Structures are given as structure tokens and as C-alpha cells.
Amino acid sequence: MNYFPWLTIIVFLPISAGSLLFFLPHKGNKLIKWYTICICILELLLTTYAFCYHFRLDDPLIQLAEDYKWINFFDFYWRLGIDGLSIGPILLTGFITTLATLAAWPVTRDSRLFHFLMLAMYSGQIGSFSSRDLLLFFIMWEFELIPVYLLLSMWGGKKRLYSATKFILYTAGGSVFLLIGVLGLGLYGSNEPTLNFETLANQSYPVALEIIFYIGFLIAFAVKSPIIPLHTWLPDTHGEAHYSTCMLLAGILLKMGAYGLVRINMELLPHAHSIFSPWLIIVGTMQIIYAASTSLGQRNLKKRIAYSSVSHMGFIIIGIGSITDTGLNGAILQIISHGFIGAALFFLAGTSYDRMRLVYLDEMGGMAVSIPKIFTMFSILSMASLALPGMSGFVAELIVFFGIITSQKYFLMPKILITFVMAIGMILTPIYSLSMSRQMFYGYKLFNAPSSYFFDSGPRELFVSISIFLPVIGIGIYPDFVLSLSGEKVETILYNYFYR
Amino acid sequence: MEHADQYSWIIPFVPLPIPILIGMGLLLFPTATKNLRRMWAFPNILLLSIVMIFSLDLSIQQINGSSIYQYVWSWTINNDFSFEFGYFIDSLTSIMSILITTVGIFVLIYSDNYMSHDEGYLRFFAYMSLFNTSMLGLVTSCNLIQIYIFWELVGMCSYLLIGFWFTRPAAANACQKAFVTNRIGDFGLLLGILGFYWITGSFEFQDLFEIFNNLIYNNEVHFLFVTLCASLLFAGAVAKSAQFPLHVWLPDAMEGPTPISALIHAATMVAAGIFLVARLLPLFIVIPYIMNLISLIGIITVLLGATLALAQNDIKRGLAYSTMSQLGYMMLALGMGSYRAALFHLITHAYSKALLFLASGSIIHSMEAIVGYSPEKSQNMVFMGGLRKHVPVTQIAFLVGTLSLCGIPPLACFWSKDEILSDSWLYSPIFAIIAWSTAGLTAFYMFRIYLLTFEGHLNVHFQKYSGKKSSSFYSIKLWGKEEQKIINRNFRLFPLLTMNNNEQPYTIGGKKEARITITNFGYKKAFSYPHESDNTMLFPMLILLLFTLFVGAIAIPFNQEGMHLDILSKLLTPSINLLHQNSNDFEDSYQFFKNATFSVSIACFGIFTAFLLYKPFYSSVQNLNLLNSFVKRGPKRILLDKMIYLIYDWSYNRGYIDMFYSISLTKGIRGLAELTHFFDRRVIDGITNGVGITSFFVGESVKYLGGSRISFYLLLYLVYVFIFLVISYFILF
């Protein structure tokens with residue numbers, strides 16, 4: 001093993017390089033844009049390189065581990081490390097953030113700060129995905145909120161301050177519970193605080209205490225995921241934010257909730273999880289239906305997509321709740337797949353908003369003739385979002401379905417019922433996503449206004465949407481790309497449930 | 001030729017490069033790709049021909065010694081689950097692939113001309129080959145998951161192609177309707193697949209059948225659950241094949257270009273439901289109630305489709321309802337267990353209906369130049385009539401197709417329909433009576449379409465004779481928008497046909513069409529007549545005409561070495577064992593002739609009635625007076641008129657089923673959406689905002705209270721001291 005601190009470099013590179021942005025000469029936005037995109041690409045390449053050469057897929061243990069003592073008296077370590085569970089989200093983060101910076105090129109107001117915040121968020125997200133210490137996880141989790149808040153409150157629509165405040169209050173409220181949970185877990189039992197994930201995973205608690213911890217973590221992650229009824233920050237935030245922020249929010253930030261649910265709730269608190277999992281499944285099923293039908297009632301395009309991503313999160317929750325190998329794999333696949341699809345949909349919605357300047361769906365129409373490329377990409381990706389076979393969403397949902405079916409925890413009737421209701425969501429999904437694309441693009445438009453000529457998407461936008469589309473279809477055709485990453489780890493996690 | 005089966009996995013992938021290349025080209029180099037245009041169509045046809053040769057070879061092998069080839073690769077393997085991909089070649093597959101490729105090739109050739117003026121020419125070809133790929137994938141798939149995948153993909157292709165002219169709002173609605181309706185079927189299909197997986201633990205057809213039979217034999221499965229799963233699986237077939245409760249998408253799907261209607265919505269994709277049921281027949285056959293359900297749905301669809309086809313003005317919609325009805329026959333045959341008859345009818349109907357659709361496309365193409373490019377006009381039979389003189393080749397093709405569908409002896413559909421009808425006697429007399437009478441109805445509505453279209457005079461010009469000077473008629477606006485015309489209702493029988501059309505304003509035609517209109521307006525004169533289509537369009541029609549003439553021969557027994565072996569029986573030898581009834585009807589030629597005579601006479605009766613009602617009226621104005629006076633006489637006639645009116649009303653409003661769905665389902669879902677939206681906004685978000693506002697007020701009041709005024713603090717202090725004193729006073733005493 002080599003002891004080159006890959007992960008520390010990966011975590012620190014974006015933010016430290018980002019802080020150099022303020023020292024760049026004032027030569028317009030172009031320099032800033034190129035600098036940022038270069039940093040992002042460099043980071044992505046570095047991550048890929050490190051993972052390619054120093055990560056072994058057949059090993060379910062922590063790899064690339066780093067362990068430095070940070071605060072002495074508190075026994076607080078700078079512990080990083082990745083395993084099969086976190087490698088997917090980290091790569092997704094790199095990919096989506098790079099594309100989001102590329103998508104953010106039209107941002108001209110305060111672009112220096114904007115790009116710095118993007119890079120800071122990059123660091124925070126990778127940090128929280130790769131931390132192996134409970135307190136470090138919490139710190140990274142909080143650290144990453146600041147750039148998001150600033151991004152939300154400074155760039156976006158008219159009601160951006162309201163939505164940013166809502167976001168920060170919700171997530172900060174959730175973080176309180178997270179902190180309680182973290183401290184509780186860390187200080188339980190021994191004299192010294194134990195914050196290491198590995199030691200915590202082997203610890204057992206009294207059932208009541210475990211349930212309390214579990215509820216605390218669940219609330220924190222339910223806000224982030226989001227799980228109903230704690231989801232209302234999401235449509236507001238997504239409706240108002242700039243679309244590159246939306247890409248980051250939908251692509252990565254929501255996934256942190258699901259990741260935390262697997263990482264902490266499943267791995268550290270297995271007994272409570274097996275108690276709570278039926279409720280998780282019920283909530284997930286309700287969420288699929290509820291969010292899908294709420295999405296139908298939305299007039300705002302971005303809110304509609306936002307609710308659709310709430311609906312897709314339901315599958316992740318069900319997969320996590322099913323406590324099967326298959327279901328959990330499906331959940332992880334859905335994390336990755338929705339990261340791509342959601343980000344792409346927000347991107348396309350944002351670019352078409354840039355052209356139309358219309359927010360409400362019923363005012364739009366007939367755009368297909370003037371912007372055929374966006375139309376094509378949008379239809380492909382809304383197809384992907386409704387889980388068309390051959391795209392990643394389908395495989396993920398199918399595997400989650402199998403997870404439920406093969407789950408030995410539940411009886412036949414509840415399983416039938418749950419599957420049935422989930423499948424109803426499958427009917428509702430095309431209704432909202434296809435009617436969205438119909439209302440936007442189909443039909444005709446009488447071109448009264450002389451200035452109603454739109455530029456079709458240029459090479460940059462086309463590049464962004466195609467490069468998101470490629471992994472979507474790649475995973476759809478050959479899902480082992482992702483499943484091989486997580487398979488071993490998932491098995492180890494589930495091992496605890498059956499042999500302990 | 002031993003290797004043919006090893007390489008047959010390639011079948012679905014052969015046409016795949018074209019859509020990928022066109023898609024990439026259109027996205028990345030639009031101008032260059034568009035300039036190539038027809039260059040793309042030829043490799044398309046070429047690749048499909050390769051597939052056709054391949055599948056011909058396969059089916060020859062199947063005829064010689066029918067055997068089943070199966071090969072699987074693993075798709076994704078994990079510890080708990082593994083999905084596999086593979087191909088499965090048997091007689092059913094070979095029949096279907098030949099069908100798809102032959103119809104596909106001719107439709108491609110046809111659409112080269114049909115779509116040549118359209119801007120979306122390349123897009124069209126890309127969609128078409130994508131469809132061919134997924135349809136071929138569907139028929140060669142070896143497990144249920146693969147079926148589901150391709151099932152959805154063909155649905156998507158159908159969605160894209162129905163919405164091909166996306167500027168038309170009607171097309172936009174139709175494609176969404178089609179997708180959602182099909183998705184309801186897919187919902188059933190997926191749940192059925194999951195259910196059977198839960199029961200047997202397998203997706204592979206053969207394992208599935210084997211395990212399931214064992215389970216049934218040992219009585220190890222819960223009967224109700226099995227029935228539920230099987231009916232859910234069947235729901236997939238119901239949606240795709242436009243059977244009764246989920247048929248609503250098919251007529252609307254006619255918004256797509258006509259070649260699509262020929263390929264997808266008549267010959268291949270709608271037959272996928274039949275294919276699925278045929279494929280899973282070994283499964284269904286051991287669950288008795290399911291077979292009854294299948295035949296019941298089949299017979300309902302037969303009757304419903306036929307009655308709904310009676311009063312359609314749109315030529316393509318009429319044909320669509322007829323397709324639905326014929327698919328009902330196939331479903332009925334499958335439900336009765338006569339696998340062979342169902343597949344035979346599938347083949348013959350596919351060719352006949354493709355021929356009919358291509359011919360109607362040719363008519364539409366020639367009418368468009370005259371009446372305008374709105375589908376309400378170019379496809380409206382009200383404006384047609386007397387086209388026999390102007391488009392003779394198309395007329396012959398259409399006539400042959402019509403006769404075939406009516407079941408007139410030498411033509412294809414006669415043989416298959418007769419087989420189904422005679423089998424139905426063995427199954428249940430009630431079903432048989434319905435099926436027979438529907439055969440008469442079929443003849444009636446098909447000939448109604450034929451007569452309205454080809455006989456008499458061109459109604460567009462007849463406007464002028466009929467007294468109403470519709471001066472604006474010839475100046476059709478670019479958008480196809482036009483002031484409303486009321487067609488003259490002088491004639492007693494004509495209103496039957498027109499009913500209350502024209503009530504709704506013409507929707508605005510596609511922008512693209514409008515552009516084409518400009519190019520074609522050059523030769524548009526006051527008295528232009530429709531022209532025969534180009535040879536490129538006529539050629540595939542003629543080939544399909546030949547198919548329609550001779551494809552019935554594959555099931556005609558030719559006596560060889562003392563056994564009556566026809567090609568179809570040879571192909572289906574292994575499957576024929578599945579029938580619970582003998583297929584020896586052909587042995588008794590007397591029986592056959594009796595049945596045949598009966599069915600033909602019923603068809604002739606239908607044709608005769610159609611002639612009576614839709615005889616070109618103004619060609620024999622003298623007779624008309626006679627007829628009118630005859631009509632007006634007697635209360636019986638009035639009753640009959642009422643009856644006819646009732647039937648037409650029912651048919652014109654599509655049996656009120658669409659209306660029912662739109663009221664109950666669409667409104668229901670919309671209401672639900674509104675409700676949840678309201679709930680989300682007011683309750684869940686309201687709590688959040690309420691907490692925010694409350695905390696704001698609390699903060700404000702605290703701020704007010706803590707306004708650093710000494711007097712106020714003193715007051716508070718004194719109040720508390722007072723309260724304390726009072727309490728302590730009460731406690732002390």
C-alpha cells in the first residue's frame with residue numbers, strides 16, 4: 001500500500017484552488033470560468049485516477065484510508081476512506097459538479113463568488129461522502145450547507161431569499177438532530193468518545209436508546225433526502241435556484257440524505273433499522289404516489305421536476321427499507337441514476353427557461369420547432385425519468401421491485417400491496433413527465449412577437465446534456481458498472497442483519 | 001446452415017446502427033445529415049432485408065425440423081439475483097420475425113415517398129428502425145424481463161411516431177394517451193412478471209412453464225394468487241393489442257403518419273399482445289378461468305370494434321376500429337385454445353391490414369393536395385368518393401384488402417377467419433353467434449368505407465352541385481383553418497354518414513404541413529382531381545396485394561404422402577399439442593365447406609347491406625326518390641331509423657367509453673393532483689410557514705417586552721412579587 005494521501009488532496013483541492021479565484025486578475029468572467037472548469041476537470045481526473053489504481057473492487061473494507069490525529073484531547077481524528085458505498089456518489093459528485101460549472105457559464109453576476117462557492121461545495125460534498133469519522137461527517141455535512149445557502153440566496157428567481165431561508169432552516173433543524181445523534185453515539189459507553197465508523201459499527205446499544213438515535217438520524221436525513229412530510233423546502237428551492245445550483249442540489253445534495261441513511265442508520269444501528277424498515281417502506285410507497293400526484297398539480301416547470309425527484313427518492317427509501325441485497329443495490333443504483341437524470345432534467349429545464357422566459361407550463365407550448373435539440377434531449381431524459389428500459393432508472397426501479405419481492409422480512413399480502421402501490425406510481429410518472437414535455441414542446445405557437453426567435457442549444461449545452469445522457473444509457477444497458485462497485489459492500493452491510 | 005441459429009442473436013441488432021447514426025448525426029451535424037436524406041433510407045431497407053433473409057432461413061429450418069433454440073448470456077449478476085439476456089427461437093419467433101421484416105420493408109419503401117416532403121424524414125426513418133429493432137427484440141426474447149424491456153421500447157417508439165407531427169395538438173394528446181394507456185398495461189405486465197417470479201423463481205419461459213406445471217400438478221400454489229398474476233400479465237396484452245377496456249388509444253393513434261399506422265398499429269406492434277398470450281399459452285392453459293377471461297375479452301372487443309367502426313368518418317379511424325375487432329378475433333381464438341388459428345389470422349390480417357392502410361395512405365396523399373393538409377379533411381371520407389377513376393391502382397389494392405378482410409374465399413383472411421369461426425362453434429354457441437354476426441358487420445363496415453371512398457363522385461366537387469355555394473372552399477387557408485362548412489343534408493341517407501361532424505372547429509394543422517402546402521399549391525386549380533401516387537408507393541402496395549392473395553395458401557392442406565400437411569401446421573407442430581381440442585376440422589371437408597358457405601354468405605349479406613345503404617346516391621338520383629319515399633313510409637321505418645340513429649350515435653361517440661374515461665379517470669387524477677397539491681401547499685407547507693410566522697411574532701413580542709425600559713421591568717418585577725405573595729398567602733392559610 002502506498003500512503004500517499006489521495007483523499008485529503010481530493011477533498012482539499014477544490015476549495016483551496018477555489019480560494020485562489022479571488023487573487024485572479026480582474027479580466028472578466030472568462031478567466032474565472034476557465035479556471036474553475038479546469039480545476040473541476042483536474043479534480044475529476046485525479047479522483048478517477050486514484051480510484052482506478054488504488055481501489056480494489058473485491059474488497060469490502062475501507063480503502064485509501066487516512067488517519068491523522070486532529071484534536072488531541074477530544075480524540076478527534078481526520079479519518080478519510082472510501083468503500084463500495086461511497087465511491088459511486090463521489091464519482092457522481094465529480095461528474096455532476098464539473099458539468100454544473102460548465103452549465104453555469106451564463107452566470108455573470110458575481111461570477112467569482114459563484115464559482116468559488118461551487119468549488120467549496122465540491123469539497124464539502126466529497127468530504128462528507130468520504131469521511132470515516134462521525135464528527136468529521138457532521139462537520140462536512142454542515143460545511144457544505146453554507147455554500148448552498150449562499151448560492152440559493154444570491155442567484156435565482158424572485159423568491160430566492162424565502163426559499164434559501166426555508167432551506168437553511170429546514171436543514172439546520174435537521175442538523176440539530178444529527179448532532180444529537182452523533183454525540184450520543186460517540187459518547188455512549190466507554191470513557192473516551194468513539195467516533196470511528198468501524199468501531200461504532202460493532203457496538204451494540206440497548207434497543208430503546210438505539211431507536212432514539214435512529215429517529216434522530218432519520219429526521220436529519222429525511223430533511224435532506226427528502227422524505228415526506230419534510231420535503232417542502234425542496235420544490236421551493238429548486239423552483240427558485242439557478243439551474244446549475246439545481247443540478248448540484250438534485251444531483252448530489254439529495255443523495256447525501258440517502259447515503260447517510262445507508263451509512264449511519266443501516267450500518268451503525270441495525271436493530272433499530274430492522275424495526276423501522278416496514279415504516280420506511282410504507283413512507284416510501286406513500287411518497288412515490290403522493291409526490292407523483294402533487295407533481296401533476298404543479299404549474300411551475302421546475303417545481304414539477306422537483307416533485308418528480310421527490311417521487312423517485314421513494315424508491316431509494318423502499319430499497320433501503322427492504323433489507324435485501326437486491327433492494328439495497330437497487331437503492332444505490334437509484335442514487336446514482338437519479339443523480340444523473342435529475343441533474344439533466346433541471347439543466348434542460350433551465351436552458352429552455354433561458355430562452356422562453358416563461359415559468360408556468362400552461363403558458364408554454366410549441367417550442368419543439370424552434371429548439372429541436374433541447375426538445376430531443378428533454379424527451380429522452382423525461383423518458384429516462386419515467387424508467388424506460390435501456391436507461392438507468394428502469395434498472396434501478398426494477399431491482400428495487402425485486403428487492404421487495406424477494407425480501408424475507410415481510411409477508412405475502414403486504415408485499416403484494418406495496419408492490420401494487422409502487423407500480424401505480426409507474427403509471428403516474430409518465431402522466432406528469434410526458435404532459436410536461438407535451439406542454440412545453442408540442443403544439444404550435446403563433447409567433448406574434450417579432451423577437452420570438454430562439455437559439456437552439458449550442459455546443460456547450462449539447463455537450464452537457466449528452467455527457468449526462470451517456471452514463472444514463474450506459475448504466476441502463478450494463479448496470480454492472482455501478483453494481484460491481486457496491487456489491488461487496490452491500491453484502492457486508494447486510495451480513496450484520498442476518499448473523500448478529 | 002447449421003450456424004444460423006447460433007448467430008440469430010444478431011437479428012434485433014441489425015437495424016440498430018441506423019437510428020444511432022441518424023440520431024447522432026441530427027444532434028451533432030444537422031445540416032450535413034439532412035442533406036444526405038435519402039442516403040439513409042437505403043441502408044435502412046438493406047439491413048431489414050438482411051434480417052428478412054435471416055428469418056426466412058430460420059423458419060425454413062423450423063419447417064424442416066422444428067426445434068427450439070435458446071441461448072442466454074448473463075446481463076447482471078449479483079449475489080442474490082441475476083438477469084439474463086438471450087434469444088429464443090421457435091416457430092412463433094420465426095413467424096413473427098418474417099412478418100415484421102416483410103411488412104417493415106414494404107412500409108419503409110412506401111414511406112420513402114410518403115414522407116419525402118416532410119422535414120422530419122430522417123427522424124421518421126430513425127424511429128422506424130428503432131421500432132424494428134425493438135420489435136424484433138421482443139419476438140426473439142427468451143425471458144419475461146427481456147419481453148418487458150422491449151415491450152416498453154416498442155411502446156416508446158409508438159409514442160414517438162404517433163407524436164411525429166408534434167405541432168398538431170391532437171397528435172400531442174394522442175401520443176400521450178397511447179403511452180399512458182400502454183403504461184397501464186405495462187403496470188399489469190410488470191406485476192404479473194413479478195408475481196410469477198415469486199411463484200416459480202424464474203423468468204425463462206421453459207423453466208417457468210415446467211416449474212409452474214409441476215406446482216400446479218402438486219397443488220402447491222394459491223389458486224387465487226395465480227389467477228390474479230395471470231390476469232395481470234394478460235392486462236399487458238390487453239393494452240398493447242387494444243382489447244376492450246384499454247382500446248381507447250388505438251383510434252387516436254391514427255394521428256401518426258399513415259405508414260406507421262400500417263406497420264405499428266395494424267401489423268406488428270398491436271400483434272405483440274397476441275404474441276405474448278401465444279407465448280405464454282402453456283402457462284395460461286393450466287389456469288382455466290384465465291382462458292375464459294381471454295376469450296371473453298376477445299369477443300367483447302370483436303363486437304365493440306365492429307360496432308364502433310360503423311360510423312367513423314375518418315378513414316383511418318374506421319380501419320383502426322376494424323383492426324381492434326380483428327385483434328379481438330385473434331384473442332378469442334387464443335382464449336379458445338386454437339393457437340394455430342390465432343396465429344394464422346395474425347399473419348393474414350397483418351398483410352391485409354397493412355395493405356389497406358397503405359392504400360388509405362395513398363388516398364390521403366392524393367386527397368391532401370385537394371382538400372388541405374388537416375387530417376380532419378384529408379382523411380375524411382365525407383370529402384372522398386368516386387376516387388375509383390382517379391386512383392385505379394390504389395382502388396384495386398383497397399378492394400382486395402377489403403374483400404380479404406370481409407372473408408371472401410380466395411383471399412387471405414377468409415381461411416383464417418373461417419378457421420376461427422368454425423372453432424368457435426366447438427367452444428361456445430353464444431360466442432359463435434356473436435363472432436359470426438360480427439363477420440357480417442365487418443363486411444358491412446369495410447364496404448361502407450370502400451363505397452364511400454371509391455364509388456360515386458368526388459364529394460369535394462359535389463359541394464358545388466348540391467346548391468350550397470361554399471365559395472371559401474377552394475381558398476383553403478395555409479393553416480388548414482377554415483370557416484365551418486355544413487355539408488348539404490338534402491339526402492336522406494347522407495346525414496347518417498356525416499352525423500354531427502363539422503361541429504367542432506377544425507384544429508389547426510401542423511406547421512410543417514403548411515409549408516408543404518405552399519409547394520403543392522402551384523397546381524391547385526378550381527377543379528383539380530386527386531392523382532395516383534408515385535410508383536414508389538404503388539410498388540409495396542402491389543407486393544402486399546400479392547401477399548394478401550396468396551398468404552392464405554400456407555395453411556391450405558396439400559396432400560402429401562397421405563397426410564395433410566400445410567406449412568403452418570408443420571411450423572407449429574410442437575405447439576399444436578397444446579390445444580385442448582383437436583384441429584381436425586380440416587379433415588372433414590364437408591364441414592369445412594358448410595362453414596365456409598355460411599361465413600361467405602354472411603359476409604355477402606353484409607356487403608349487400610352496405611351497397612343498399614351507401615350506394616352512390618347521386619349516380620342514381622331517380623332511385624333515390626324511390627328510396628326516399630320508401631323510407632318515409634310507415635312507423636316501422638321510423639323505428640328502424642331510430643335504431644339506426646342509436647347505433648350511429650353510439651358508434652360516432654365511440655361507445656361513450658372515451659367520454660367515460662375522460663370523466664372518471666382523467667378528471668379523477670386531475671382532482672387528486674389538485675387535492676394533493678392543495679394539501680401540500682396549505683397543510684404541510686402551511687405548518688412550516690406557520691412555525692416561521694409564529695416564531696417571528698414570538699420574537700417580535702419578546703423584542704417588545706425586552707425593550708430596555710426600566711419602568712416596564714419594574715412593573716414586571718412587582719407583578720411577579722405580587723403573584724408570589726398571593727400564592728404564598730393562599731398556601732399559608
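In this predicted model, B:Asp90 forms a salt bridge with B:Arg279 (a side-chain nitrogen of Lys or Arg within 4 Å of a carboxyl oxygen of Asp or Glu), and the closest N and O atoms of the two are 2.9 Å apart. The pair links distant parts of the chain, 189 residues apart, since B:Asp90 sits in the loop between β2 (82-89) and α4 (91-114) of chain B while B:Arg279 belongs to helix α12 (residues 271-279) of chain B. B:Asp90 counts as buried because its relative accessibility is 10%, and B:Arg279 counts as buried because its relative accessibility is 5%, where buried means under 20% relative accessible area, exposed over 50% and partly exposed in between (1.4 Å probe, protein chains only).

**How to read the model**

- Residues are numbered from 1 along each chain as its sequence is written, and chains are lettered from A and ligands numbered from 1 in the order in which they are written.
- Local features need pLDDT of at least 70 and side-chain atom pairs count only at pLDDT 80 or more, whereas totals for chains, interfaces and linings use all residues, and side-chain values use heavy atoms, with hydrogens and water left out.

**Other salt bridges**

- Side chains of opposite charge can pair when their charged atoms come close.
- Over all chains, the count comes to 24 salt bridges.
- In chain A, the side chains of A:Arg263 and A:Asp83 meet in a salt bridge with an N to O distance of 2.8 Å.
- Because A:Arg263 lies in helix α11 (residues 243-268) of chain A and A:Asp83 in the loop between β2 (76-82) and α3 (84-103) of chain A, this pair ties together parts that are 180 residues apart in sequence, and both A:Arg263 and A:Asp83 are buried.
- A salt bridge also joins the side chains of A:Lys489 and A:Glu267, at 2.9 Å from N to O, and it links helix α19 (residues 480-498) of chain A with helix α11 of chain A, the two residues being 222 residues apart.
- A network of salt bridges links B:Lys177, B:Asp252, B:Glu255, B:Asp314, B:Arg317 and B:Asp658.

**Chain B as a whole**

- Chain B has 32 helices and four strands, which are DSSP runs numbered from the N terminus (helices H or I, at least four residues; strands E, at least two).
- Of its 733 residues, 59% count as buried.
- Helix α20 (residues 412-427) of chain B has 16 residues, and 13 of these 16 are buried, so that the helix is mostly covered.

**Where chain B meets chain A**

- The size of an interface is often given as the accessible area lost when the parts come together.
- In this model, 53 residues of chain B are in contact with 65 residues of chain A, contact meaning heavy atoms within 4.5 Å.
- The area buried between chain B and chain A (the accessible area, 1.4 Å probe, that two parts lose on being put together, summed over both) is about 5500 Å², and carbon and sulfur atoms give 73% of it.
- B:Leu27, B:Trp75 and B:Arg183 supply 12% of the area that chain B buries against chain A, which is more than any other three residues supply.
- The count between chain B and chain A is one salt bridge, and the side chains of B:Asp685 and A:Lys166 meet in a salt bridge at 2.4 Å from N to O.

Conventions:
The expected span of a helix is 1.5 Å times one less than its number of residues.
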